[in-house]
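Please read them alongside the coordinates.

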Amino acid sequence: MNRLSAWLRDRTGLPSLGETLRGPASWNAAFGGVVGVLVLVQGMTGISLAAYYKPTLEGAYPSVQFILFDLRLGWLIRSLHLWGQHLLVLSLLSWLGFGLVRRSYEKPRELSWFLLVGALFTVLLAGQTGQVLPLDEDGWNGALIASNVAGPAAPWVLGGRSVSDFTVGRFFAAHALVLPLVWGMALLGHHALHRRHPEFPGGTYLERLGLGAALALALLSTLAVAFPLGVGPRGSATGVSALAKPHWYLLPVYQILKFAQVWQANLALGAVFLFLLSLPFQKRAVALAGSVVVIGTLVALGVLGALAR
Amino acid sequence: MAEPSRREALDLFLFTSIAATGVAALSPLPFFLAPPLSPAARASAGLRTSLGSGQGKSLIYGGRPAIVVRRGDEILAFDATCTHAGCPVEWSPEKKEFLCPCHKGRFGADGAPAGGPVRKPLARLPVALSPAGEIWVGE
């Protein structure tokens with residue numbers, strides 16, 4: 001076993017699981033394990049779901065129902081995939097928050113920071129495109145809203161003037177092929193850069209990554225089994241949900257849209273991401289004050305959005 | 001600027017050629033991905049007599065939600081997509097307004113913004129009456 005591990009390390013430069021991390025001791029490395037294991041779960045459950053999902057206007061909803069009600073453990077696989085998305089967003093947000101506190105964006109780790117911010121952005125997009133796929137009421141609304149956000153490029157998003165087979169195909173291709181490739185590469189790049197500029201020593205990879213991964217898996221399985229996520233009523237071009245609210249992590253945008261236009265909400269969201277990307281170039285006091293203002297505003301808007309009827 | 005060396009000039013030439021080949025190889029993609037647009041076929045909204053004054057009827061026109069509303073003798077048809085964020089609106093016969101469930105946008109019976117965050121009116125659709133009294137949406 002040791003010889004095999006030594007051979008692998010020699011040929012690939014990968015770390016040994018028992019390797020001690022360099023730098024001040026921190027649990028930050030556990031985030032890598034949390035996100036890593038969630039990515040694996042999303043990949044495996046996503047590929048399994050793709051084996052049964054039918055990306056067509058008529059076939060999508062029945063195929064999701066088939067997965068949920070007819071396939072053995074289909075409900076569990078789908079519940080894991082949906083809860084995995086929530087936890088992935090949550091852990092990336094916590095990771096970035098932790099990075100804000102530790103100023104992980106400072107020289108020489110600017111690129112690691114950019115990749116993490118990029119991963120968050122693409123994971124959010126993956127959530128939104130994935131929400132469309134079952135074509136329940138939320139899915140229909142999601143497709144229409146996405147096309148509206150796209151403005152003049154709407155036909156390119158929908159693959160036509162309205163929600164059609166082409167729409168489902170486009171969202172499926174984006175959700176299952178394009179976005180996982182992008183955020184997968186962003187996270188791998190982050191990991192590679194972390195090897196070059198290690199930040200948080202103390203403890204071994206096995207301890208930190210392994211414990212993070214195990215905790216995430218335990219939490220994910222508990223949520224997926226205790227609170228299985230189903231599918232809403234079948235959507236149609238004329239169907240309207242009584243109240244259409246986005247996922248918790250987009251509630252700030254939802255709240256902004258109550259008094260602003262779509263381009264203004266896009267601008268606000270863009271400003272948040274630009275601020276995150278600009279952090280390495282800010283003075284410390286500006287970065288600190290800015291982070292407090294941005295996080296405070298987002299949380300306040302999110303709470304208002306959650307309470308809104 | 002200093003005169004480029006032979007090596008630099010050749011490298012530039014090589015780089016440009018490779019980049020041009022790459023662009024040429026990728027150029028069919030946008031054409032392939034361009035949305036296939038077909039004109040919307042007109043859709044029936046039922047008989048005029050079945051639509052009382054102040055009542056609305058939902059239908060699908062060109063794959064998009066549409067609503068036909070009767071105001072007195074006038075019949076109006078609208079694209080039922082909210083001009084704010086794109087959620088489908090529905091007609092409320094009690095309030096005589098189009099309501100959007102997403103951000104509480106409201107439109108009057110003529111499609112004009114009536115409240116909430118909406119700024120632009122609902123898009124009007126052409127509507128015609130057949131000799132038999134059937135309402136047709138579309139050209």
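Is B:C100 buried or exposed? B:C100 is buried, at a relative accessible area of 6%, where buried means under 20% relative accessible area, exposed over 50% and partly exposed in between (1.4 Å probe, protein chains only).

1. Basis. This is a predicted model, in which local features need pLDDT of at least 70 and side-chain atom pairs count only at pLDDT 80 or more, while totals for chains, interfaces and linings use all residues. Residues are numbered from 1 along each chain as its sequence is written, chains are lettered from A and ligands numbered from 1 in the order in which they are written, and side-chain values use heavy atoms, with hydrogens and water left out.

2. Disulfide. Over all chains there is 1 disulfide, the term standing for a pair of cysteine sulfur atoms within 2.5 Å. The partners are B:C87 and B:C102, with sulfur atoms 2.0 Å apart. B:C87 lies in the loop between β4 (74–79) and β5 (90–92) of chain B, and B:C102 in the loop between β6 (97–99) and β7 (106–107), 15 residues apart; strands here are DSSP E runs of at least two residues and helices are H or I runs of at least four, numbered from the N terminus. The link is left-handed, with -100 degrees about the S-S bond, and both cysteines are buried.

3. Aromatic pairs. The whole structure has 10 aromatic pairs over all chains. Rings of Phe, Tyr and Trp (its six-membered ring) pair if their centres lie within 6.5 Å; planes under 30 degrees apart count as stacked, over 60 as edge-to-face and the rest as tilted. One of the pairs, A:F31 with A:W95, is stacked, at 6.3 Å centre to centre and 15 degrees between the planes. A:F31 belongs to helix α2 (residues 28–50) and A:W95 to helix α4 (residues 74–102) of chain A, 64 residues apart. A:F31 is buried at 17% relative accessibility, as is A:W95 at 9%. Ring pairs also join A:F31, A:W95 and A:F98 into a cluster.

4. Charge over a ring. The charged end of B:R42 sits over the ring of B:W136, 4.3 Å from its centre; the criterion is NZ of Lys or CZ of Arg within 6 Å of the ring centre and within 35 degrees of the ring normal.
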